[in-house]
Amino acid sequence: MPQLDFTLPHWAYWLGLILFPIIAATLAKRPKPKERTYSTVLGYFILVTGGILGLHRLYLKSMIGLLYIPVFIVILFANSQGQDARSVASDMSNLVRQAERTLDREGGRVTSAEAELPEMRQKLAEAEVGSFAERRAQRDVRRAEQRIEQGRERMAEAEADLETARPAAEEAQANLEFWQNIAKYAFWLILAGVAIDAILLPGLVRKANANLPPEPELSEAELKLKALEEAERKDDASYVSSGWTGWIDRLSLFCGEFVAYWAVIAVIVYYFEVMSRYVFGSPTNWAHEAMYLMFGMQYLIAGSYAMLTESHVRVDIFYAPLSNRRKAIVDLLTSVFFFIFAGTLLVTSWIFAFDAIAVPSGNSLISDWARGEIGFGEVITSWNLAQWTDPNIRWGEISFNEWEVPLWPMKMVMIIGGLLLVLQGISKFAQDLRAFVGRS
């Protein structure tokens, strides 16, 4: 199987987090066609992302897509067997190396001891009975004989290991190559099918659209039920208040909808991770870290959106039955606890972010300024393109794994999330004040 040695560049990560929601929101807000049809663009997107599973064929209701699945299962099974064979081959190769080192080491020791033993026995025979020289000669002879005996035992064990390990290693290596070839040929077979379908896809889409049945007309009862559901459905825009607080509400609404599309990025990235790990045997060193950092930023930015739309979890057994004016009074009285939390989050986020920027991982002007070593004016006058393009300048805190993504931008997002939460709290406080004053 071919290997996937792809590491996501840092700039592509941040660019994707910015551009993908813009593109996705633009596509989502397009006017929907009155009649359901298959899309060529969507078909090619599915072909690129899930073509090896035949999902593009299944999308077009073509049963030929089922033929991709057993071939894909063959790839997974062959890779699994190849992993087992690789483990056996590695274990047997290590055993062979250890046995060879044992033979080499013990062979030299036994040969040296056998060469020295006659001389030691001669000294023992010439030594005076009961003397210290005799006892030392006896000890030397005994040690040499033990060394020879133990060395021969270890050499015998090593030779036995070689007799079993070498054939096992060769067999495991042959099995590994066999299953690798099976996976490789199955993969090329799928790629050939995907390449052919890439050419045939426009025709397949036209054929699928031609075979679409006409949309069934809804009965009067179904139309009334649909109208009732639409009337009861509360759109997020309905939470936006009037007046100056509406600007804050719209900002929270926009930020929440923007980061909501990041969940789609997670699906794509984890799909890539699973495929690269189990199909190509090339697990990434960036997918998991990129996604949990992204979800952390999403959680912080979406806090104001959750507050606006009242989608956070709460127990309102006593709160729900209250009138709007009494709810406003309760909210005004308890808002002090909210502002303590939101203010603490904002201040601590500011400290965390600037501590991360100040980490001296390079000769950056920004890090020097954050540590207080230079002024902001010197940063502006000394700034040049190398501060962004020089790979030797790694300003700010970075992660400790191989991806080495800068962590300070995530901590800057904590400031944004805290600021949005404070602003939304101000908006809610003003609206509660209006409700209280307007009814008094």
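Two residues are in contact here when heavy atoms of each lie within 4.5 Å. On that basis, and leaving aside neighbours within four places in sequence, D197 is in contact with L47, H56, R57 and Y68. The structure is a predicted model.

**A buried aspartate**

D197 belongs to helix α5, which covers residues 132–210. Its relative accessible area is 3%. Because buried means under 20% relative accessible area, D197 counts as buried.

**Overall form**

The protein chain has 15 helices and 0 strands. Its C-alpha trace spans about 120 × 65 × 55 Å along the principal axes. The radius of gyration of the protein chain is 36 Å, whereas a compact globule of 440 residues would have one near 22 Å. Of the contacts with a separation of 6 or more, 74% are made by residues 24 or more positions apart.

Buried residues make up 34% of the 440 in the protein chain. The accessible surface comes to about 27,700 Å², and carbon and sulfur atoms account for 63% of that surface. As for charge, the protein chain carries 42 positive and 50 negative side chains, with the centres of the two sets 7 Å apart.

**Aromatic pairs**

The structure holds 14 aromatic pairs. One of them joins Y13 and W403: the ring centres are 5.4 Å apart and the planes stand at 80 degrees, so the pair is edge-to-face. This pair links distant parts of the chain, with Y13 in helix α1 (residues 10–28) and W403 in the loop between α14 (386–389) and α15 (408–439), 390 residues apart. Both Y13 and W403 are buried. Elsewhere, ring pairs link F6, F272 and W286 into a cluster.

**Residues with positive phi**

Most residues other than glycine have a negative phi.

| Residue | Phi | Place | Relative accessibility |

Partly exposed residues fall between the buried limit of 20% and the exposed limit of 50%.

Terms used
Residues numbered from 1 in each chain as written. Predicted model: local features only at pLDDT ≥ 70, side-chain atom pairs only at ≥ 80, totals over all residues. Heavy atoms only, no water. Helix = DSSP H or I, 4+ residues; strand = E, 2+ residues; numbered from the N terminus. Rg over C-alpha atoms; globule rule 2.2 N^0.38 Å. Buried < 20%, exposed > 50% of the residue type's maximum accessible area, 1.4 Å probe, protein only. Areas by Shrake-Rupley, 256 points an atom, 1.4 Å probe, with all protein chains shown as cover. Lys, Arg positive; Asp, Glu negative; His and termini not counted. Charge placed at Lys NZ, Arg CZ, Asp CG, Glu CD. Phe/Tyr/Trp six-rings, centres within 6.5 Å; stacked < 30°, edge-to-face > 60°.
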